[in-house]
Amino acid sequence: MEDTTTVKVAEGGRVVIPARYRHSMGLKDGDEVVVRFVDGELRILTRAEAVRRAQEIVRRHVPKGRSLVSELSSERRKEAKSD
C-alpha cells in the first residue's frame, strides 16, 4: 500500500498515526511499535513485522537445517554441567 498524508507534530514530538494506517497495520490502543530512522525517513513497524524481518536476515546467514536454538541449549547444558 502506498499512501501519503500530512500530520502535525504536537507538543513533545507527538505524532498521531492516522486511523486508516493503524487499521491496515492491525494496531490497537496500547500496542507497541518499532520506530526506525533510515535514510532520512521515519519508519514505523509492528513488533511482529520487525521480528519477521529480523528472522529473514538471520535465515540468510544460517544454513538450512542448522538450529541456533539447539546449539545454544546444548552449550548452556555443557556450561551447567561444568559449574
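Which residue of strand 2 is the bridge partner of Arg 36? In this predicted model, the partner of Arg 36 in strand 2 is Arg 43. The pairing belongs to an antiparallel arrangement in which six bridges join strand 1 to strand 2. A further bridge links Val 33 to Thr 46 of strand 2. The two strands form a hairpin with two residues between them, and in this hairpin Asp 39 adopts a positive phi near 50°.

Val 35 is placed in strand 1. When neighbours within four places in sequence are set aside, the contacts of Val 35 are with Leu 42, Arg 43 and Ile 44. By contrast, a C-alpha to C-alpha distance of 23 Å separates Val 35 from Arg 60, a residue 25 positions apart from Val 35 in sequence.

Thr 46, the strand 2 partner of Val 33, has a relative accessibility of 16% and therefore counts as buried, the cut-off being under 20%. With residues up to four places away in sequence not counted, Thr 46 touches Met 25 and Leu 27. The side chain of Thr 46 also places a polar atom 3.0 Å from the backbone nitrogen of Glu 49.

The largest pocket has a volume of about 890 Å³. Its lining comprises 24 residues, of which Tyr 21, Met 25, Leu 42, Arg 43 and Ile 44 are the closest to the centre of the pocket. At least two lining residues each are supplied by helix 1 (19–25), strand 1 (33–38), strand 2 (41–46) and helix 2 (47–61). Strand 2 provides the largest share of this lining, with six residues. In terms of residue class, the lining of the largest pocket consists of 13 nonpolar, five polar and six charged residues.

The second largest pocket holds about 160 Å³ of space. It is lined by Val 15, Val 16, Ile 17, Arg 22, Leu 27, Lys 28, Asp 29, Gly 30, Asp 31 and Val 33. By class, five of these lining residues are nonpolar, one is polar and four are charged.

A separate set of features concerns helix 3, which spans residues 68–82 and contains Ser 70. The relative accessibility of Ser 70 is 44%, so this residue counts as partly exposed. The side chain of Ser 70 is joined to that of Ser 67 by a polar contact of 3.0 Å.

Definitions and conventions. Residues numbered from 1 in each chain as written. Predicted model: local features only at pLDDT ≥ 70, side-chain atom pairs only at ≥ 80, totals over all residues. Heavy atoms only, no water. Helix = DSSP H or I, 4+ residues; strand = E, 2+ residues; numbered from the N terminus. Buried < 20%, exposed > 50% of the residue type's maximum accessible area, 1.4 Å probe, protein only. Polar contact = N/O pair within 3.5 Å; in protein donor to acceptor, adjacent residues only side chain to side chain. 1 Å grid on protein atoms, 1.4 Å probe; cavity = no way out; pocket = protein on both sides within 12 Å on 5 of 7 lines; lining within 4 Å. Points joined across faces, edges and corners; volume = space filled by probe spheres on them. Nonpolar A, V, L, I, M, F, W, Y, C, P; charged D, E, K, R; others polar. Contact = heavy atoms within 4.5 Å. Pairing = 2+ DSSP bridges.
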